[in-house]
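Please read them with the structure open beside you.

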Amino acid sequence: MKASLFALPAVAVLLTAAPASEVVTKDTIAKWMTELSNWGRWGKDDQKGTLNLITPEKRKQALKLVKDGVSVSLAHNIDKEKTPDSPRPISQEMTLDAGGHAMDLYTIWYHGSIITHIDALCHYSFEGKLYNGMDRSRINSKDGCPILGVENQKEGYMTRGVLVDIPRLKNIPYMEPGQVVTAADLEAWEKYANVKIGSGDALFVRTGRWARRAKLGPWNVAASAAGFDATALPWLHKRDIALLGNDAVEDAQPSGVEGVQRPIHQIAIVAMGLPLIDVMDLEAAAEACAMRKRWEFLVTVAPPPVLGGTGFPINPIATF
């Protein structure tokens with residue numbers, strides 16, 4: 001794909017389908033499993049990973065970002081229709097009893113590309129090991145994840161959220177499937193938006209997935225999506241972010257790394273202990289940020305503490 005140049009105030013941005021300067025291989029990813037590791041950083045028994053970076057002081061700083069008292073959801077409404085990006089939609093079984101009560105039973109397969117959800121640290125493994133060197137063999141079909149389950153995120157998150165709006169940066173309506181977000185893009189956004197992404201932050205990147213879907217219809221996002229390029233991983237580790245999310249499946253798809261389908265998931269979850277929020281809907285937040293010319297906000301997330309869960313659907317809230 002031919003590159004296109006877009007000019008913005010004080011920033012020139014090159015949009016590419018793949019990074020030109022560095023080729024990441026399966027061996028590179030294996031090396032980064034050690035070089036970008038947080039194993040042992042918060043103790044050998046730690047099960048919270050980078051959530052440890054959300055300190056009491058970080059929470060107090062984040063509270064000071066609330067100026068207007070306006071909240072915006074960062075979750076997509078859960079569709080019930082079967083579509084190319086939702087091959088196993090949520091099912092709802094309603095019960096209406098004689099007492100006038102309405103109750104329902106849901107069956108949810110949320111680790112896809114249509115439901116906003118959090119990934120627990122037991123969701124991915126590498127060579128039989130989970131985050132912090134814990135043994136994947138302890139996971140079983142009866143108990144789920146007795147270690148690193150989503151219940152370890154029970155206290156939730158309250159920290160500074162930073163929205164990176166790549167389509168706005170590059171002056172395009174949305175990114176196309178397969179296009180990548182690199183460390184250079186993230187730094188260009190810092191200059192454009194006058195923000196500095198740092199320790200304990202929740203970093204959310206908009207690719208415009210939902211804007212594209214609204215115009216062109218659904219497609220198989222699990223196989224073809226804009227997202228982070230693997231070359232961004234050392235940058236993400238260096239900045240010590242606590243939480244990472246985007247509006248698709250994090251990894252650009254295809255990943256560009258032969259033999260590794262989801263390098264962002266693998267390194268972030270297993271090596272860094274960095275929880276991921278997949279399939280966010282950042283359209284409303286992008287408009288709210290643009291209106292205020294302010295791309296930071298208080299973000300709050302409270303995952304349901306399902307014992308042994310590999311994650312769960314969530315509704316993150318940005319408060320301005």
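1. Glutamate 250 sits in the loop that runs between strand S11 (243–246) and helix H7 (263–272), where helices (H or I, at least four residues) and strands (E, at least two) are DSSP runs numbered from the N terminus. This glutamate is buried yet has no salt bridge, and the nearest side chain of opposite charge, that of arginine 262, is 9.4 Å away. Buried here means under 20% relative accessible area, with exposed being over 50% and partly exposed in between (1.4 Å probe, protein chains only). A salt bridge would need a side-chain nitrogen of Lys or Arg within 4 Å of a carboxyl oxygen of Asp or Glu; for charge, Lys and Arg count as positive and Asp and Glu as negative, while His and the chain ends are not counted. Leaving aside residues up to four places away in sequence, glutamate 250 touches Gly227, Phe228, Leu244, Gly245, Ile264, His265, Leu276, Ile277 and Asp278, contact meaning heavy atoms within 4.5 Å.

2. A word on the basis of these notes: this is a predicted model, in which local features need pLDDT of at least 70 and side-chain atom pairs count only at pLDDT 80 or more, whereas totals for chains, interfaces and linings use all residues. Residues are numbered from 1 along each chain as its sequence is written, and side-chain values use heavy atoms, with hydrogens and water left out.

3. S7 pairs with strand S13 (residues 296–301) in the antiparallel sense over 6 bridges, and runs parallel to strand S9 (residues 202–206), to which 5 bridges join it. Glycine 161 has phenylalanine 297 as its bridge partner in S13 and alanine 202 as its partner in S9, while valine 164 stands opposite valine 205 in S9.

4. S9 is largely enclosed by the rest of the structure, because 5 of its 5 residues are buried. Both of its faces are covered, with Ala202, Phe204 and Arg206 on one side and Leu203 and Val205 on the other. S9 also pairs with S11 in the parallel sense, over 4 bridges, and the partner of phenylalanine 204 in S11 is glycine 245, a residue that glutamate 250 touches.

5. A search of the whole structure finds 1 disulfide, a disulfide being a pair of cysteine sulfur atoms within 2.5 Å. Cysteine 122 is joined to cysteine 145, with 2.4 Å from S to S, and the link is right-handed, with 85° about the S-S bond. Both cysteines lie in the loop between strand S6 (117–119) and S7, so the pair ties together parts that are 23 residues apart in sequence. Cysteine 122 counts as buried at 4% relative accessibility, and cysteine 145 is buried at 1%.

6. Finally, isoleucine 314 is placed in the loop between S14 and strand S15 (317–319), and is buried with a relative accessible area of 10%. Isoleucine 314 and proline 303 are 11 residues apart in sequence and 6.0 Å apart in space, C-alpha to C-alpha. Not counting residues up to four places away in sequence, the contacts of isoleucine 314 include Ala75, Thr116, His117, Ile118, Ile277 and Pro303.

Conventions: Pairing = 2+ DSSP bridges.
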